[in-house]
Amino acid sequence: MADIAAVPLTPTSPPHGTLARAERFVWLTARVLEQRLFAHHFRDGAAGPVETAVEAYRNADGGYGHALEPALRGPASLPAHTARALHVLDSVARCDARRAEDVCRYLTSVSTTEGALTAIRPEAALPAVRPAGSGDAAVRLPGALSATAPVVGLLHRNEVWHPWLFRATDFCWQAVESLDAARPGDVVAAVLFLDHAPDRARAEAAAERLGHLVRRERLVVLDPDAPGARPAASTAPGSVPGHTPGDRRFPHDYARTPDSLARAWFTDAETERSLDVLAAGQQADGGWPARRLPGAPEPAPAALLEARPIATIEALRTLAAYGRSLA
């Protein structure tokens with residue numbers, strides 16, 4: 001992998017601009033995967049090296065492990081690792097049918113009878129405590145929308161068809177349309193499903209209902225200037241710098257791109273204020289704080305160090321999608 005000197009800043013990138021500061025942060029702290037992903041999205045890097053880096057996390061069962069999702073340590077395949085792999089591959093247009101077939105075979109083996117994926121169990125990733133036949137044990141756990149919907153949405157986005165996907169899609173529809181008192185993470189997952197679900201009329205109707213729910217239940221911060229509204233990295237004793245505590249969500253957390261169904265939930269002014277908050281979240285070292293993965297333990301320093309470049313790339317992509325200058 002090239003070092004930072006081999007990927008020069010473009011003439012339009014001021015040395016202290018948003019992108020330049022983020023680039024330095026990524027090159028100094030990120031794993032090979034995130035370095036290559038940054039180069040692809042912002043420095044005209046090829047998709048092939050990203051694909052190669054993702055492949056290193058793939059297991060023989062078709063799933064992904066080895067802390068690809070930094071909050072979950074250990075080598076074993078877990079749905080959360082596989083969801084991240086699909087997200088990365090989709091972002092570089094390498095989520096092809098052959099790979100999707102292998103992934104769906106793994107997902108079938110760890111899903112419930114409904115086709116749903118289960119909530120995060122960090123201990124399942126560690127060989128010392130992972131029991132024999134843990135795949136069977138996972139089937140007995142209830143399915144979770146937060147685990148299933150992002151994967152199903154990405155597979156639909158890439159026009160994948162597989163027997164497991166039919167069952168998982170039905171589970172997502174039932175779960176999304178029955179959400180009444182949702183947690184923000186559930187809504188974020190639901191949006192990732194609805195943005196790519198094949199039945200567009202049904203998706204639009206479900207998204208409209210969710211939008212009303214989000215505003216009614218105050219699952220979004222619409223006034224960033226209200227006391228305690230803006231996210232800040234925790235500085236409490238025992239906390240890990242660079243980690244955003246709590247589950248505070250802004251409009252951009254739901255509508256990550258302007259073409260998301262969730263964009264209609266917010267006015268132009270609310271969206272612009274939200275993007276201002278996102279832009280202001282860049283820290284002194286050039287990176288953004290990482291959000292704690294729902295269900296995962298408090299991140300260790302090593303996990304946080306790997307998670308922050310991911311958060312940084314996602315923040316830059318969201319700002320760029322809305323046409324915000326990264327100079």
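Student: What volume does the largest cavity have?

Tutor: Rolling a probe the size of a water molecule over the atoms shows where empty space is left. A cavity here is a set of points, on a 1 Å grid over the protein atoms alone, where a 1.4 Å probe fits but cannot get out. Grid points are joined across faces, edges and corners, and a volume is the space filled by probe spheres set on the points. The largest cavity has a volume of about 40 Å³. The count is 1 cavity of 30 Å³ or more. This is a predicted model, in which local features need pLDDT of at least 70 and side-chain atom pairs count only at pLDDT 80 or more, while totals for chains, interfaces and linings use all residues. Residues are numbered from 1 along each chain as its sequence is written, and side-chain values use heavy atoms, with hydrogens and water left out.

Student: Which residues line the largest cavity?

Tutor: Lining residues have an atom within 4 Å of a point. For the largest cavity they are E34, L37, R84, H87, V88, I310, I313 and E314. Two or more of these residues come from each of α2 (32–42), α4 (79–91) and α13 (301–321); helices are DSSP runs (H or I, at least four residues), numbered from the N terminus.

Student: How many residues of that lining are nonpolar, polar and charged?

Tutor: The lining divides into 4 nonpolar, 1 polar and 3 charged residues. Ala, Val, Leu, Ile, Met, Phe, Trp, Tyr, Cys and Pro count as nonpolar, Asp, Glu, Lys and Arg as charged, and the others, Gly among them, as polar.

Student: How many disulfides are there?

Tutor: A disulfide is a pair of cysteine sulfur atoms within 2.5 Å. The whole structure has 0 disulfides. For C95, the nearest cysteine sulfur is that of C104, 8.8 Å away.

Student: Why does C95 count as buried?

Tutor: Buried means under 20% relative accessible area, exposed over 50%, and partly exposed in between (1.4 Å probe, protein chains only). C95 counts as buried because its relative accessibility is 6%. C172 is also buried, at 0%.

Student: Where is D102 found, and is it buried or exposed?

Tutor: D102 is in helix α5 (residues 97–110). At 16% relative accessibility, D102 is buried. Contact means heavy atoms within 4.5 Å. Leaving out residues up to four places away in sequence, D102 touches R58, D61 and G62.

Student: What share of the chain counts as buried?

Tutor: Of its 327 residues, 53% count as buried.

How values were computed: 1 Å grid on protein atoms, 1.4 Å probe; cavity = no way out; pocket = protein on both sides within 12 Å on 5 of 7 lines; lining within 4 Å.
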